[in-house]
Amino acid sequence: METQISGRVIAIGDVHSYINGLKKLFEMLEENIENFDDVWVVFLGDYIDRGPNPKETLDFLINLWENRPKTTFICGNHDLALMTFLKLIPEPENRKCIYKEEDIHLFIHHFLTFKGLGAEFPKQPSLSSKFSQKYQDFYINLPWIVEHPDYVFIHSGIPNDNKSWNEHIECLRKKDLSDPRPTWICDRNHLTAPEFAQKTIVSGHVEQPEVIFKQKRILVDTTGGDSENISAVLLPDNKVFCVKDYKKKD
């Protein structure tokens, strides 16, 4: 998947298996953005869990990946958890960002992922058997960051800590699982840009009532995984599109 992009960009917030909302949003984007195919589309992670249609959602996204050249994706915390559960990646040291068979019953929002893929909840072998090679390829290829001359796109944010900007970016580029808990994907406390931010940070992960613009910070998740009210922002125009504004064509 492409990790270095330029030009105009549409950043799309958390999808969480809400295929109907995603299709409505794409219809809005195609109708309202001039030369839509020339604009990069960046999905900000969390493609499954919570919502009712994981299979249809993954099929839609993979079709874009294969057939719309200017489309790319990043890894969300639910995506990281799923890959760990399916043993597609090593298990992080801290279990708060993953789910396991012995305690998955505590997280009922994963149930719909199993059900939607026709797997027995909460059995790992059952879900693995339903997770096709094309789904595995999609997930394994998810980067943690997409970079633009003016923006970085990540799932959660960048903390204001003792690391430098370049150190954080390098950790994201190499998918650094040595961190006890991948803060850039899992934590919910990075709602403002760190003092050392060199570019505007665009992310999802934490539900907002609307797309939020701050100094060097844009927050795009407007669903929290609880509705189809997915949002997108066109950059650098800062034009917002939201499913709640969708009007069906006559």
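**Close-up views of a predicted model**

The predicted model holds 17 aromatic pairs, counting rings of Phe, Tyr and Trp (its six-membered ring) whose centres lie within 6.5 Å. Planes under 30 degrees apart count as stacked, over 60 as edge-to-face and the rest as tilted. Residues are numbered from 1 along each chain as its sequence is written, and side-chain values use heavy atoms, with hydrogens and water left out. Because the model is predicted, local features need pLDDT of at least 70 and side-chain atom pairs pLDDT 80 or more, while totals for chains, interfaces and linings use all residues.

**View 1. F43 and Y47 form an edge-to-face pair.** The ring centres are 6.4 Å apart, with 70° between the planes. Both F43 and Y47 are buried (under 20% relative accessible area; exposed is over 50%, partly exposed in between; 1.4 Å probe, protein chains only). Both residues also belong to one aromatic cluster, with F26, F36, F60, W65, F73, F131, Y135, F138 and Y139. R68 lies over the face of F36, at 4.5 Å from the ring centre. For such a charge, NZ of Lys or CZ of Arg is within 6 Å of the ring centre and within 35 degrees of the ring normal.

**View 2. W144 and W184 form a tilted pair.** Their ring centres are 6.2 Å apart and their planes meet at 40°, so the pair is tilted. The pair links distant parts of the chain, 40 residues apart. W144 sits in the loop between α6 (133-140) and β4 (146-147), and W184 in helix α8 (residues 183-186). Helices (H or I, at least four residues) and strands (E, at least two) are DSSP runs, numbered from the N terminus. W144 is buried at 3% relative accessible area, and W184 is buried at 1%.

**View 3. Five strands form an open sheet in the order β3-β2-β1-β9-β10.** The pairing is mixed; strands pair if DSSP finds at least two bridges between them. β3 (71-73) and β10 (239-242) stand at the edges with a single partner strand each, so one side of each lacks a neighbour in the sheet. β1 (residues 9-12) and β9 (residues 231-235) pair in the antiparallel sense over four bridges. V9 stands opposite L235 in β9.

**View 4. V41 is found in strand β2.** V41 is buried, at 0% relative accessibility. Beyond its neighbours within four places in sequence, V41 is in contact (heavy atoms within 4.5 Å) with I10, I12, F26, F36, R68, K70, T71 and T72. The C-alpha atoms of V41 and R68 are separated by 9.2 Å, although the residues are 27 apart along the chain.

**View 5. A second open sheet has the order β4-β5-β6-β8-β7.** Its five strands show mixed pairing. β4 and β7 (212-214) are the edge strands, each with a single partner strand. β5 (residues 151-153) and β6 (residues 200-203) pair in the parallel sense over three bridges. Y151 stands opposite T200 in β6.

**View 6. The largest nonpolar core has 57 residues.** A nonpolar core is a set of buried Ala, Val, Leu, Ile, Met, Phe, Trp, Tyr and Cys residues joined through side-chain atoms within 4.5 Å. Those with the most contacts inside this core are I10, I12, F26, L29, F43 and Y139. Its largest share, six residues, comes from α1. A second, separate core of 16 residues includes V9, I74, V146 and I218.
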